[in-house]
Amino acid sequence: MELKNYSSSASGFILLGLSSNPQLQKPLFVIFLIMYLVTMVGNVLIILAIHFDSRLHTPMYFFLSNLSFMDICFTTVIVPKMLVNFLSEIKAISYVGCLVQMYFFMALANTDSYLLASMAIDRLVAICKPFHYDVVMSPRRCLLMLLGSCTISHLHSLFRVLLMSRLSFCASHVIKHFFCDTQPVLKLSCSDTSSNQIVVMTETLAVIVTPFLCIIFSYLRIIVTVLTIPSAAGKWKAFSTCSSHLTVVVLFYGSVIYVYFRPLSMYSVVKDRVATVIYTIVTPMLNPFIYSLRNKDMKKGLKKLKDRIQL
């Protein structure tokens, strides 16, 4: 690919990271290493607990185990390179490496959003159509929902990366971020980025907003149904099955909407870094705690796994 004036394809980029202060590099390395390890261990435990406990072989936990697997992959795309850069003098990433990281980041993030939508549909059917649950949420249909989530997400990511690969980078090659995200890379381009921005506000909006609207619709239906339950205890029991999922949805979508659905001119380096850390690192780390602390079935599954390991 021929680039004008400055060949990023030959020289690559420099990732500025979370901070340029040399004194903060080692403390940040320790903090994010601990967060990464907690994310890995927590999500692996969720997957193993669901796998070894037959009581958890239900659609909700099928999607949860896949969400945990995606979170492991998602953080692994970003954090290891981030940790290496904390201890490196030159925080470089090759041009191809940047596009590859961008591709998997978008693909896995979008898959996460579709899995969250699938989990909302599961709760909708369980609460609003309990007698049809086994038919509607059959294993075959759950597998098709998973495959559809992955396919849409990877096609979207491929399209975005192909558009990015057509851009030219003329001056600075310093990305003011801790990974190759689309907005900070677009800021470096000397090409006309209007087509990319149109895609962000149309096709990307559709891909991300579709599962979000699905979640909103599902919970509106759930609220209407729950309000018809006569007893307060019955209402609380129904809502309590959704609390963990709602918490994750708010954390994930709140930060995603803040970062991506604004014009490029409103991009703020510091604020967007903080918001990005929330959904790329903090949310995957908290997911195992959110889904296990208030979930009796998950607690029993983890206890069963613990007993199995000790044997």
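Reply: Start with a term. Buried means under 20% relative accessible area, exposed means over 50%, and partly exposed lies in between. One caution comes next: this is a predicted model.

Now the cysteines. How many disulfides are there? The count comes to 1 disulfide. Cys-98 and Cys-180 form it, with their sulfur atoms 2.1 Å apart. A pair counts as a disulfide when the sulfur atoms are within 2.5 Å. This pair links distant parts of the chain. Cys-98 sits in helix α4, which covers residues 95-128. Cys-180 sits in the loop between β3 (174-175) and α7 (182-186). The two cysteines are 82 residues apart.

Which hand does the disulfide have? Look at the torsion about the S-S bond of Cys-98 and Cys-180. The torsion is about -125°, so the disulfide is left-handed. Are these two cysteines buried or exposed? Both Cys-98 and Cys-180 are buried.

Next, take Cys-142. This cysteine is in no disulfide. Its nearest cysteine sulfur belongs to Cys-214 and is 13 Å away. Cys-142 has 3% relative accessibility, so it counts as buried.

Then turn to Cys-214. This residue is in no disulfide either. For Cys-214, the nearest cysteine sulfur is that of Cys-128, 12 Å away. Cys-214 has a relative accessible area of 22%, so it is partly exposed.

Now move to the surface. Which residues form the nonpolar patch? They are Ile-216, Leu-220, Ile-223, Leu-227 and Phe-239. Together they have about 440 Å² of accessible area. The largest share, 4 residues, comes from helix α9, which spans residues 203-227. Leu-227 lies in helix α9. Its relative accessible area is 55%, so Leu-227 is exposed.

There is also a charged patch. Where does the largest share of the positive patch come from? Helix α13, residues 296-310, gives 3 residues. Lys-299 is placed in helix α13. Lys-299 has a relative accessible area of 46%, so it is partly exposed.

To recap, the disulfide joins Cys-98 and Cys-180, and both of these cysteines are buried. Cys-142 is buried too, whereas Cys-214 is partly exposed.

Terms used
Residues numbered from 1 in each chain as written. Predicted model: local features only at pLDDT ≥ 70, side-chain atom pairs only at ≥ 80, totals over all residues. Heavy atoms only, no water. Buried < 20%, exposed > 50% of the residue type's maximum accessible area, 1.4 Å probe, protein only. Patch = residues over 30% accessible without salt bridge, like charges linked within 9 Å, V, L, I, M, F, W, Y side chains within 5 Å. Areas by Shrake-Rupley, 256 points an atom, 1.4 Å probe, with all protein chains shown as cover. Salt bridge = Lys/Arg side-chain N within 4 Å of Asp/Glu carboxyl O.
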